[in-house]
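Trainee: Please take a close look with me at the side-chain pairings in this model. Which charges and rings meet, and where do they sit?

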Amino acid sequence: MPLASLVWDARPAGATAVALVMHGGAVEGLEPNRAWSHNVARLVPFARALKRVPGPLAVARLRFRVRGWNGHAMPVEDARWALAQVRAAYPGVPIALVGHSMGGRVAMHVGDDPDVRLVVGLAPWVEPGDPQPGAGTRTVLLHGDRDVICSLARTRAAVEQMQARGLDASLVRVARADHAMLVRARLWTALVTEIVQSTFASELGSASEPRSGPIGAVVARVVHSGGVIIDI
């Protein structure tokens with residue numbers, strides 16, 4: 001069995017926040033993930049964009065051992081291992097989880113970790129009855145309205161459940177966008193970086209208000225409203 005791996009794209013000595021990026025996968029599959037696998041490579045632009053966020057933000061990418069969920073949540077074990085590595089490097093520093101598809105499902109499962117303050121799910125795979133982040137964690141799920149791989153309806157239902165429990169949960173519906181996030185790719189990347197930067201503004205010493213324009217307006221509502229369902 002291959003081992004999970006953690007690649008640091010940014011590792012400042014005095015990091016005050018960490019973004020852990022997790023790629024997608026499949027329902028089943030024991031094939032090892034490689035650095036050049038398309039599901040792994042798709043998250044590299046997000047990590048590189050997060051690396052450019054002003055302030056001492058550490059950025060790491062988790063590569064799951066194998067491609068599939070495989071019925072017993074193998075990637076969740078990998079994520080717990082990665083969180084332990086992050087805590088060893090930066091004890092007590094708040095963490096943002098950024099996960100695509102299966103990685104988004106993993107982020108929801110481990111969002112109960114005490115150091116996780118932000119969960120960003122990109123076109124997440126959501127199943128009824130899955131664990132959800134609790135109080136003290138902001139959850140933002142971004143989902144394209146033309147996604148034919150993972151259900152936008154299930155993502156919305158999960159957000160509505162969290163909102164009903166009084167949790168800080170938001171859904172951003174991305175118009176004309178697909179599961180791979182290749183349509184309107186720059187928008188997806190900008191939303192992620194702005195949400196992370198605005199959530200950790202005090203830790204990073206950056207501007208507390210998002211940029212002007214449509215992206216900034218969406219991010220401002222996500223960060224300051226305590227939970228919305230919004231389109232862009």
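Mentor: Start with the surface. The protein chain exposes about 9,500 Å², and carbon and sulfur atoms supply 54% of that area. Areas here come from the Shrake-Rupley method with a 1.4 Å probe, and for residues only the protein chains shown count as cover. This is a predicted model, so local features need pLDDT of at least 70 and side-chain atom pairs count only at pLDDT 80 or more, while totals for chains, interfaces and linings use all residues. Residues are numbered from 1 along each chain as its sequence is written, and side-chain values use heavy atoms, with hydrogens and water left out.

The protein chain has 8 helices and 8 strands (DSSP runs numbered from the N terminus: H or I for helices, at least four residues; E for strands, at least two). Its radius of gyration is 16 Å, close to the 17 Å that the globule rule gives for 232 residues, so the chain is as compact as a globular protein of that length. That radius is taken over C-alpha atoms, and the rule is 2.2 Å times the number of residues to the power 0.38. Along the principal axes, the C-alpha atoms fill a box of roughly 45 × 40 × 35 Å. Buried residues make up 58% of the 232 (buried is under 20% relative accessible area, exposed over 50%, partly exposed in between; 1.4 Å probe, protein chains only). Take contacts between residues at least 6 apart in sequence: 68% join residues at least 24 apart. A contact means heavy atoms within 4.5 Å.

Next, the rings. The whole structure holds 2 aromatic pairs (ring centres of Phe, Tyr or Trp, its six-membered ring, within 6.5 Å; planes under 30 degrees apart are stacked, over 60 edge-to-face, the rest tilted). W8 is partly exposed, at 21% relative accessible area. Y90 is buried, at 6%.

W69 and W125 form an aromatic pair too, again edge-to-face, with 5.5 Å centre to centre and 65° between the planes. W69 is in the loop between strand 3 (57–63) and helix 3, and W125 is in the loop between strand 5 and strand 6, so the pair ties together parts that are 56 residues apart in sequence. W69 and W125 are buried.

R105 lies over the face of W69, 4.0 Å from the ring centre. A charge counts as over a ring if NZ of Lys or CZ of Arg is within 6 Å of the ring centre and within 35 degrees of the ring normal. The charged end of R105 also sits over the ring of W125, 4.3 Å from its centre. R105 itself is buried, at 9% relative accessible area.

D130 is buried, at 17%.

On to the other charged pairs. The count of salt bridges comes to 12. Among them, D115 meets R87 at 4.0 Å, N to O. D115 is in the loop between helix 4 (102–110) and strand 5 (116–122), and R87 is in helix 3 (residues 74–89), so the pair ties together parts 28 residues apart in sequence. D115 is buried, with 15% relative accessible area. R87 is partly exposed, with 28%.

D168 and R138 also meet, at 3.0 Å, N to O. D168 is in the loop between helix 5 (152–164) and strand 7 (169–174), while R138 is in strand 6, so the pair ties together parts 30 residues apart in sequence. Both residues, D168 and R138, are buried. Finally, look for a network: salt bridges link R65, E77 and D78.

Definitions and conventions
A salt bridge is a side-chain nitrogen of Lys or Arg within 4 Å of a carboxyl oxygen of Asp or Glu.
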